[in-house]
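Open your viewer, keep the selection panel handy, and follow along from one selection to the next.

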Amino acid sequence: MKNQLSAWKYVKNNKRVVAVLVTALALSFMAMYAAYVLLITTTESFEAVMLEMPKKISYASLGNKAYGILRDDYETYEEFKAAYDAKQEDLIEKLRAYPGIDDALYTQVIRSTYQSVMGSYSFEVPLMEPEKVPEFLEHIDAKLLDGRMPKNAGEVLIDETIRKNGGYHIGDWFQKDWFGETFRIVGTIQSKGLLSVGVPNGYSNNGWYIVVYNDESTTDLTGILQSMGIQLGDEDEVLDAKEYYRAYRKDVGDVIDAVLVTLFVIVMTFLAILVLVTYVSFMRNRVNEYCLYASLGYGRGEIYGMMLKEMTILFGFGTALGLLISLGIAFVLHGLIIEPKGLIGHIVYEEQIFRILGTYVFLMGVLQIPVLFSLQRIRTIDAIED
Amino acid sequence: MFEVKNICMIYDMNTDVKTYALKGLDLSLPDKGLVGIIGPSGSGKSTLMYCLSTLKTPTEGSIVYDGKELTAIGNAERESLRRREFGFIFQRHYLVPYMTAMDNCLVAAVKKDGEEQKKAERFFRDLGLSEKEWKKKPAKLSGGQCQRVAIARAMINDPKVIFADEPTASLDHENAFNVMRILKKYSDERLVLVVTHDRSILQDADRIIEMWDGEISK
């Protein structure tokens with residue numbers, strides 16, 4: 001068998017240099033992966049509310065102009081209000097009759113807060129009479145996990161994820177606001193959009209909305225309202241899939257993407273500089289060795305092959321160790337923060353693993369520049385002796 | 001084995017004042033024997049050895065080795081000759097610092113099998129290196145021991161020619177004569193070319209070539 005230059009000998013006998021490079025690669029891998037896990041958990045958690053919820057429920061709060069009613073056209077406020085209510089009732093009837101919409105009702109809402117790793121998001125919880133709650137739960141495909149259905153004023157059912165997230169228990173007060181302790185939790189449900197539902201307490205609300213029980217074909221409430229002759233203006237508020245998606249991109253998706261890209265670039269830049277400097281200095285220290293190989297009759301190709309194998313081993317070790325640590329850290333984060341806080345996240349994110357692997361391959365490509373440069377400088381020992 | 005005709009080695013070719021390391025040198029070398037090349041610093045003895053061993057290419061002239069014109073062959077063939085047919089002992093031992101003595105010897109081996117390992121062990125024993133020393137790295141060996149490892153490395157492929165450039169320069173008197181004794185023994189079957197400025201180590205040489213100012217003076 002033909003003897004070849006061994007890459008293992010350097011790796012085995014230069015543990016300190018190898019450890020520096022392998023550790024740098026492993027820690028950078030871990031930093032990029034752990035940051036991704038934490039940040040993407042925020043995205044995925046908010047996606048459940050902001051992208052899933054509007055597939056089942058939309059909200060509209062319309063002013064009188066949307067119905068074509070002007071206050072000046074009526075002598076008294078009562079006349080104006082009666083006309084407004086009639087128009088609104090008419091719209092609700094039309095919505096109920098619209099294909100793909102199960103129901104629509106005009107009701108109060110309170111707000112539920114979902115706290116993620118980065119920031120929090122507040123969203124609507126509809127309030128309705130107890131007899132309406134089963135129908136609502138059926139529409140959102142939710143099932144009662146624990147406790148009981150609300151039957152008295154000021155009682156709420158909250159999503160299990162929201163319960164974990166807020167650290168609530170059945171019997172706790174759900175909201176503590178300016179009005180004091182206002183809604184009591186009587187049970188938990190499980191739903192895709194982290195939806196909750198309650199019974200009005202008669203004095204506390206965060207506004208009145210037309211709550212539309214839509215399906216995936218009727219998520220464009222704005223379009224539906226416009227098709228019904230409603231002229232939406234600045235004072236009107238429609239919270240449908242498009243609006244939630246716009247808010248999601250603006251407040252969550254774009255922000256997290258920007259943070260991830262920035263973090264990725266910073267870590268990679270530092271890593272690239274560190275690896276480049278370390279590698280160049282370690283090749284400089286080995287010039288005599290390369291010259292010896294050339295003098296003994298090894299071709300440049302064989303020397304380059306050894307360098308490439310050494311680099312592959314170093315990156316292989318760094319990547320394997322980094323992946324192992326990263327998955328360990330993700331497991332710990334999942335157990336300590338993500339799962340107990342009711343956040344939505346995973347341990348394995350293949351896309352990020354492949355992204356980091358791709359970056360490492362790119363880094364290996366960049367390292368070929370100093371490698372090829374030093375290969376060009378390899379002479380035989382006579383040149384050193386001269 | 002070597003037929004050298006009219007070789008010149010000119011440094012600073014592009015300047016007005018050219019420096020001649022070798023000036024039209026003719027030489028014939030046998031297949032075996034210990035040949036010493038002696039001369040003061042700058043006499044061209046090392047340059048001659050490097051030209052013969054394909055590490056350098058002369059500016060002019062012809063070097064025929066085993067019927068092959070060395071000045072006309074390509075890099076791959078030069079590398080193959082150095083790998084398979086030539087052995088090198090340099091002035092400084094040039095051992096790889098992170099490898100053991102054994103690995104340093106085997107790094108030059110053309111083949112990789114148990115035979116090469118056994119051969120290296122035999123060389124080490126003949127050279128007076130103990131088993132404990134085989135596993136040591138160059139930093140843990142004395143200058144003489146390092147040079148003996150370099151000799152074993154030069155002999156590992158049973159080369160037809162060993163080129164030794166000042167092989168005893170870093171050794172004490174006793175080690176120097178030991179090294180020369182080993183090279184002399186090897187020269188019974190093969191050609192050993194020793195470049196030195198120390199005449200005393202060449203007392204067993206079959207032929208001594210004296211060089212002066214790029215020419216053979218004797």
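Helices here are DSSP runs of H or I with at least four residues, strands are runs of E with at least two, and both are numbered from the N terminus. By that count, chain B of this predicted model has 7 helices and 10 strands.

**Stop 1: chain B on its own**

Select chain B and hide the rest. Along the principal axes, its C-alpha atoms fill a box of roughly 55 × 35 × 35 Å. A compact globule of 218 residues would have a radius of gyration near 17 Å, and chain B agrees, because its own value is 17 Å.

Now colour chain B by pLDDT. The mean is 88, with 97% of its residues at 70 or more.

**Stop 2: chain A on its own**

Switch to chain A, which holds 11 helices and 10 strands. Its radius of gyration is 31 Å, well over the 21 Å that the globule rule gives for 386 residues, so chain A is more spread out than a compact globule. The box filled by the C-alpha atoms of chain A is roughly 110 × 45 × 40 Å along the principal axes.

With the pLDDT colouring still on, chain A averages 90, and 97% of the residues score at least 70. Confidence in chain A is highest in strand β1 (residues 57-61), at a mean of 95, and lowest in helix α11 (residues 381-385), at 71. Where pLDDT is low, the predicted coordinates should not be read in detail.

**Stop 3: the two domains of chain A**

Where they touch, 10 residues of domain 1 of chain A are in contact with 11 residues of domain 2 of chain A. The domain 1 side of that contact consists of 5 nonpolar, 4 polar and 1 charged residues.

**Stop 4: a pair of helices in chain A**

Next, select helix α2 (residues 15-52) and helix α7 (residues 241-284) of chain A. How do their axes cross? They come within 10 Å of each other and cross at roughly 180 degrees. Angles over 145 degrees count as roughly antiparallel, and α2(A) and α7(A) are therefore roughly antiparallel to each other. The residues of this contact between α2(A) and α7(A) divide into 27 nonpolar and 5 polar, with no charged ones.

**Stop 5: where the chains meet**

Finally, show both chains together. The predictor gives the complex an ipTM of 0.90 and a pTM of 0.80. In the interface, 23 residues of chain B are in contact with 19 residues of chain A. On the chain B side, α1 (45-52) and α2 (75-84) each supply at least two residues, and the largest share, 5 residues, comes from α2(B). Colour the chain B side by residue class and you will find 12 nonpolar, 3 polar and 8 charged residues.

Definitions and conventions:
Residues numbered from 1 in each chain as written. Chains lettered and ligands numbered in written order. Predicted model: local features only at pLDDT ≥ 70, side-chain atom pairs only at ≥ 80, totals over all residues. Contact = placed C-beta atoms within 7 Å. Nonpolar A, V, L, I, M, F, W, Y, C, P; charged D, E, K, R; others polar. Axes fitted to C-alpha atoms, helices over the stretch in contact; angles between N-to-C directions. Parallel < 35°, antiparallel > 145°, perpendicular 65-115°, else oblique. pLDDT = per-residue confidence, 0-100. Rg over C-alpha atoms; globule rule 2.2 N^0.38 Å.
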